Amino acid sequence: MADKLIIFDTTLRDGEQSPGASMTRDEKLRIARQLERLKVDVIEAGFAASSNGDFEAVQSIANAIKDSTICSLSRANDRDISRAAEALKGANSARIHTFIATSALHMEKKLRMTPEQVLEQARQSVRFARNLVADIEFSPEDGYRSDPDFLCRVLEAVIAEGATTINVPDTVGYAIPELYGNFIKTLRERIPNSDKAIWSVHCHNDLGMAVANSLAGVQIGGARQIECTINGLGERAGNCSLEEVVMAIKTRRDYFNLDLNIDAKHIVAASRMVSQTTGFVVQPNKAVVGANAFAHASGIHQDGVLKARDTYEIMRAEDVGWTANKIVLGKLSGRNAFKQRLQELGVSLDSETEINAAFTRFKELADRKAEIFDEDILALVSDESVTAEKEQYGFVSLYQQSETGEQPRARIVFTVDGHEVRGESVGNGPVDASLKAIEAHVKSGAEMVLYSVNAISGSTESQGEVTVRLQNSGRVVNGTGADPDIVVASAKAYLSALNKLQSKADRVAAQG
Ligand code: KIV
Ligand code: ZN
């Protein structure tokens, strides 16, 4: 009989640690619902003790999601663990994930603790957590670079205290597949009570090997849980990518012989949702979810695929949720057709008010754009003005004028806490003038560190999707906006980034 492999998604925690990827509570909840549809076994919803915002996000996900286990990260101390347990109270199935660094480098330079102190703290924390929640995961941070003898002592002790999952992070993405696989195998062989816990892999992608390392941890090391994120989102070069690792296990079942719960046809929608929410664009040649992942350009390949798809395709595009670019709706489509298409796309809006807001925006778009594609609908529902409850800034209207040889000028109307304000400015181009017109009023002083425009469905008739990354007082946020007019999309993206700057309280760094 095949073993079950647990998929633990940490898009909302480790993924969110990517500079600029911070998400609001509502955005996190929407992504959590998509992860539930995907049938992810465990959703790491956040780090409850890091900020009030994260506490509320974990809490609302724990209350809303019923089919997946909901997990909160927590440092190895009583305060963090209590906070995690409190946020998880409403969950059907709750897990606390507690961690402390065990490598000589981290213990000495970062924690300034002796190995014996770290061992004792790990032991105490798991004992404390076990009294609050039955399902406890323990991670020795920088585990892969830790002394194996010391690691064996720590892991044996925490399993004895009741840790049910042992996760071995390659925190800095230093591992090589064969070495990482053997590292986990050795730990499992040497630790006398290793069979009392499920072993898990958590790999970062600094050398581009996170997926390969995770698979080696499973195949060579015998791990039965993989920690991963949608689109490989995460600190620095990111984490192991869920879509890649899942499709590797499914496509090569002949080799891995493992069962997964994942319903892969929701993968593409999850990828788009994460990309549109965070503003992290998916590269076209990205495996499984990139725009070119199933495109055949060369004549020989096209000829082969037309004769027999498996000549050049090892997976079917529709199995991971790709549908042909279809004109799904238009100006005359009604609310029911719109609602049904949302359901087919795996999008569930929380209330009739949200559906009505999305439908109004759909009608506005259909007035300006004859062909509405699935991508347009997904962009439209990820627009925060549909889902956000009380954003500080909201777009109303924009007038801009540009002519060869003349300095572009923009006039913008937007809301601040529900009250309309007007701004006016000139700039180097119409986008620059529009954003300066906003800034003239808001005076955020934020520095723009990234501005990018992407055509949602490929042609000049498409909506432009703009990402703006702002940095202020050490915080980095991404805002996104979509509109057929890229100047309007830019203004929306700028306002969305300002909202995020506003809403994100200071946080404790998970690796700090
Ligand atoms: O990479 C890492 O070490 C982590 C731990 C907190 C599990 O994310
Ligand atoms: Zn990590």
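Before going on, a word on conventions. This is a predicted model, in which local features need pLDDT of at least 70 and side-chain atom pairs count only at pLDDT 80 or more, while totals for chains, interfaces and linings use all residues. Residues are numbered from 1 along each chain as its sequence is written, chains are lettered from A and ligands numbered from 1 in the order in which they are written, and side-chain values use heavy atoms, with hydrogens and water left out. Helices (H or I, at least four residues) and strands (E, at least two) are DSSP runs, numbered from the N terminus.

Back to H6. Its buried residues include Phe 150, Leu 151, Val 154, Leu 155 and Ile 159, where buried means under 20% relative accessible area with a 1.4 Å probe, counting protein chains only. The buried residues of H6 pack against several elements, among them helix H5 (115-130), strand E6 (135-141) and strand E8 (198-203). After H6 comes Gly 162, with a positive phi near 115 degrees.

The zinc ion (ligand 2) has Asp 14 (OD), His 202 (NE2) and His 204 (NE2) as its protein donors, 2.0 to 2.1 Å away. Donors here are N, O and S atoms within 2.8 Å of the metal (3.2 Å for Na, K and Ca), and sites may look incomplete since water is not among the atoms. In sequence, the donor residues follow the spacing D-x187-H-x1-H. Asp 14, in the loop between strand E2 (6-9) and helix H1 (25-37), and His 202, in strand E8, are 188 residues apart, so this pair links distant parts of the chain. Asp 14 counts as buried because its relative accessibility is 0%, and His 202 counts as buried at 5%.

Now for the whole protein. The secondary structure comes to 18 helices and 16 strands. The radius of gyration is 24 Å, close to the 24 Å that the globule rule gives for 512 residues, so the protein is as compact as a globular protein of that length. That radius is taken over C-alpha atoms, and the rule is 2.2 Å times the number of residues to the power 0.38. Buried residues make up 56% of the 512.

How values were computed. Buried means under 20% relative accessible area, exposed over 50%, partly exposed in between (1.4 Å probe, protein chains only). Contact means heavy atoms within 4.5 Å.
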